[in-house]
Amino acid sequence: MKKLLFCLGVLLYSTSSYSQLKDIVESIHGNFQIDAQYYNKDTSIGAPIVPQKVLSNGFGNINYIRGGFSAGIRYESYNPVMQGFDPRYQGSGIPYRYARYKNAKLDITAGNFYDQFGSGMILRVYEERGLLYDNTMDGFRAIYTPLRGLTIKAMIGHQRTFFTTSPGVVRAGDIDLSFNELFDTSSKIASMKTRITLGGSFVSKYQASQSTTLNEPENVGCGGGRVTITRGGFSIFSEYAYKINDPSYVNKYSYKDGQGAYITTSYATNGFSVMLAGKYVDNMGFRSDRDQTLNAAMINYMPALTKYHTYLMATFYPYATQPNGEMAAQGEIQYKFKKGSPLGGKYGMEVAGNGSLAYGIDSVNIAPQNDTRQYHYVVKSFSPGQKYFHDFNIEVFKKFSKKVKGTFLYSNQFYNKNIIVENSAVNEYANIKTNIFVADVTLKYKPTSSIRFEGETMFTKQDKGSWAVGMVEWWPVSNFYLAVLDQYNYGNADPTKRFHYYLVNIGFIRDAMRITMSYGKQRQGIFCVGGVCRTVPASDGISLTVSTSF
Amino acid sequence: MPYSTRIRWYITNRINQFLIKKIRNFIQMNQHIKISFLFLMIAFFTGCDYVITPLKPTTVVTSPDSNKVYKNVLVEDYTGSTCVNCPPAGAELDSLVATYGSRIIPLSVNAGNFATPVPTYSLNLQSAVGDAYDAFFQMSATGNPCGMVNRKGNPFSSKYLLYTLWAGVAQDIIQNDTAFIKLTLTTTFDTTTKALNITATSTFLKSLSGAYNLVVLLTQDSIIGPQKSGTAGEIANYQHRFVLRDAITGTWGDALVTAGSNTNQVITKTYNYTLSSSYPAAGTTTNPGNKPASLTNFKRCAIVAYIYNATSGSTGQYEVMQAQQKKIYP
C-alpha cells in the first residue's frame, strides 16, 4: 500500500508539474482498461454459481518520457479475477515498474522489461493482456551498440509469476550482427541487395534444487544461433537452439537434452506472395521455475505454425505448439487478381491458400528399469510421429461494388483432442475432422454507416457435433455499433444439449476511449498445458469493458 | 555436369568464399565482436550443470520415537475421476505414506469439474466440505492435479502445490518443524447403530498467540471405482484412497482458543456422529468397491483431525499446526 501511495504521489506530482515542465518533459502517456462481468447461474449450459456475482480485471499503465530517460508503472487489480483466468492473479498491486535510459551506444533498464531473442525459441519475455499472460523480467538489462550493425544485449532478473517472482534467476545474452551495416556506407557490401544478419543467444537459469529424490541441475543453459538473409522480396530466416538437461514438471522430469529448429522463407512481389515454414521441437519447454506449469514462468516461446484465424468456427479447435515434441510445417500463397482481369472484375480480388501440419516426433519410451539417465524416451528418427493437427484453408477477399465487399473462407481441419487437450497417450477421443465455411459480407450504405453479416458453419461428426453461427453487426455511425450473435450446436448427438449461445454486444468509441457491453452465454472449455488441466466454466451474464489511452 | 551448372556452381562458390573471407577478416579485426562471442562461449560453459546420475540414494527414514510429540503433515490431494493427470498425484500420496508412515495424514479431496460425475465416471466422491475447501483455496480453478501440504504458503496469494513438490515440503516439515500442539484422538464405534463417538484432546505445549481451530473429518480409504488416466485410459477398478467424505465439525471447525493459549493448556472436544444409513455409500454393479455399509468398509473409514491457525490477517493463517488420523473400526 505504501508503494502504491508513493507511486501515486510521484504521478500526481508529475502531472501537476506538467504545465511548468512542458518545455522539457517530452511526454507522459498511458492506458487503462477495466473488464467486469456479472454472472448468472445457468444449469442448462453448466454455468456455475459465482458467489461474488461480479468479477473484474483491471490495469493502468503510466509512462513518462524525457529525452533518453523513461519510467513507468502498471497497476493491476483483480477483484477477484474473472472466470477462466488463473486465480493466482488475486488482489491488487504494481507488478511492473521500470526506469530506462538510452543514448546512441547504451540502453539500460532497471526494473521490469520485455524482450525477445530471434524467433523467441530461446527467450521471449512478453505480455498478452487479453490472456493475462505476463512473464516480464524484473532485474537489469543493458543493450550496447559499440558500432553500427552490432548489438549486444545482456540481462539478469527474475520472471513475474502472478504477484510474485519466479524462484529461478535468468541470465541471458544476445548478439545481433547485421553484416552489411558493419561496413562503410560507401563499400559494395554495405549497398549489396543481399542483406545478411547473424545472431547468437545464450540463456542460463539458476534454481536451487529442493527435490528429495533427484539430483536436479541447478544451472540450466539454452543457446543457439540464427541467420537471416534477404534479397529484394525474398527472405529466409532460420534458427537452431540446444538446451541441456532440464528436468521439469512439464517434461516429466526428463534429463534428455532439448533441441529446436525453425526455418521460414518467403517471397513477395507485386500482388503475389508465398511463404514456407518448418519447425522441429524436442523437449524445448524452458521455464525459470522447473515446478511451474500452465503459462507461468516460461522463458521461451515456440510459435504454432498455423494460420491465425479470426472467425469463431475456424478457431473452435485451436492448436498450440507441443513443447515436448513436434514437427510442423506451414505454407501460404496469396495472389491478387488485378482490376479488370476476368477474375478480378471491376475491383480486383485476392485469394489466399494456406496449409499447416503438425505431428509428434518419432520417439519410443525407455523402460523404467533401463532408464538410468532418466531420459524417459529416445528419438528414433528425424521423421513425423503421431498426427496432431492440420488446417488447409482457402480465403477469398472480393469487393463487389463501392458499397459491398466480402470475405469467404473454407477450412478443413484435423484435431487430435487426446494430445492437444489432454496431452494423453490414450486414444480416448476420436480425432476431430471438421469442414468449415464462412461468408462475411459488409454493406457500407453510407460513408459512416455499415452493416456486416457473418454466417459460419462447421460440419463434424465428432466431439459435440456440428455448429452454426449467425451474426449481424451494425454501425449506424462510425463510433457506435450493435452486434447480435448466435452460436448453435445443432449437430450435438444429444438433442437435449443442442444449445444456443446468444450474445448481444454494444460498443461506443470516442477518440481513444472504448466502451463495450455484452450480454450472452459462453461455452465451457478445458485448458491443459504441461500436465495440468483447468476448466474454463461456461458463463451467462453481462460483461463490460472500458478502455482508454492518453 | 552441364556447362551452365558448372558456371553457376563456380560463381556461387566464389561468392561464398568471398563472403566467408570478409566475415572472417572482419571478426578477426574487430575486438568488439571477438569479445562478444567470447562472452557467449564463457556463458555457455559456465551456465550449465550436466547431471550424470539423476537419482539420489533412497532416503532412509528413522521411525518416530513414541515418547516424543511430532508435528504431522496433512497432505491434501485435490483430484477427480476424469482428471487424466491425477493418478500420478495419488501415487505420490501413497508413496509419502509408505515413506513417512504415521507422520503423513493423507486426504484426497474430490472436487471441481473433474470430480463431477459423468457417464462412465459416475462414482460420486464429492463432498460439501471438499467443495468448500476447493473453492476457497482455488485448487481446481487453478488446475488439477494439485494440493497443499499443511496448507503452508501465503494466505493472501496461493497455497497451491503441484504434487511433485509435496515430498520436499513434507520432508522439510518432518525434519525441521517443532510441534507446539499435541492432538490425541479416541473413538468408539457401534457397527449396528453406526454411532461414532470421538474425543479430541488438544494440548498446547507452549504459549501461543492468536486463534486456533480444530476440524474433524471423515475419510474412506480404497474405494474401487473408475478413473481416467492419461497413460492407461479408463481404469475401471482404480483404488481411490483416503477420500474425504464428510465434515464432522463444520467446514472450518470449532475454536480451541480465540486469543492465545497457555502452556500445557488442555482442551477436550467430544463429537457424536452417525454414519448415514446409505453410508459409506450405496453400491452399484458398476462401482463394485462402493458396497453398502459393511465391516470391511467401516475398517476403511478414518477420522482425520487437524488444528490450524485461524488468526485473521496473520501471515500463517490456515496453516495446519497439528494433524492426526484414527481408524473408526480397527
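**Entry 1**

Where pLDDT is low, the predicted coordinates should not be read in detail. Chain A as a whole averages a pLDDT of 90, and 94% of its residues score at least 70.

A note to myself on ground rules: this is a predicted model, in which local features need pLDDT of at least 70 and side-chain atom pairs count only at pLDDT 80 or more, while totals for chains, interfaces and linings use all residues. Residues are numbered from 1 along each chain as its sequence is written, and chains are lettered from A and ligands numbered from 1 in the order in which they are written.

**Entry 2: strands of chain A**

Next I looked up strand 1 (residues 27-39) of chain A, which runs antiparallel to strand 2 (residues 54-66) of chain A and is joined to it by 12 bridges. I take strands as DSSP runs of E with at least two residues, and helices as runs of H or I with at least four, numbered from the N terminus; two strands pair if DSSP finds at least two bridges between them. Gly30(A) stands opposite Ile62(A) of strand 2. Strand 2 of chain A also pairs with strand 3 (residues 69-78) of chain A, antiparallel again, over 10 bridges. There I found Asn63(A) opposite Gly72(A). The hairpin of strands 2 and 3 has two residues between the strands, and Gly67(A) takes a positive phi near 60° in it.

**Entry 3: two domains in chain A**

The domain assignment (automatic or from a database) gives chain A domain 1 (103-263 + 277-303) and domain 2 (305-498). Their C-alpha centres lie 29 Å apart. I noted that 19 residues of domain 1 are in contact with 16 residues of domain 2.

**Entry 4: helix 4 of chain B**

Which residues of helix 4 (residues 128-137) of chain B are buried? I found Val129(B), Gly130(B), Tyr133(B), Asp134(B) and Phe137(B). Buried means that 20 or more other C-beta atoms lie within 10 Å of a residue's own, exposed means 12 or fewer, and partly exposed is in between, with C-beta atoms placed from the backbone. The buried residues pack against several elements of chain B, among them strand 1, strand 2 and helix 5. Just after the helix, Gln138(B) takes a positive phi of about 55°.

**Entry 5: helix 6 of chain B**

In helix 6 (residues 166-176) of chain B, the buried residues are Trp166(B), Ala167(B), Ala170(B), Gln171(B) and Ile173(B). They cover an arc of only 160° around the axis, which puts them on the same side of the helix. Gln175(B) and Asn176(B), on the other side, are exposed. The cover over the buried residues of helix 6 includes helix 3 (87-100) and strand 3 (146-149) of chain B.

**Entry 6: where the chains meet**

Last, I checked the contact between the chains, which takes 44 residues from chain B and 54 from chain A. Helix 2 of chain B gives the most to chain B's side, with eight residues.

Technical notes: The arc is that of the directions from the helix axis to the C-beta atoms. Two residues are in contact if their C-beta atoms, placed from the backbone, lie within 7 Å. pLDDT is the predictor's confidence in each residue, from 0 to 100.
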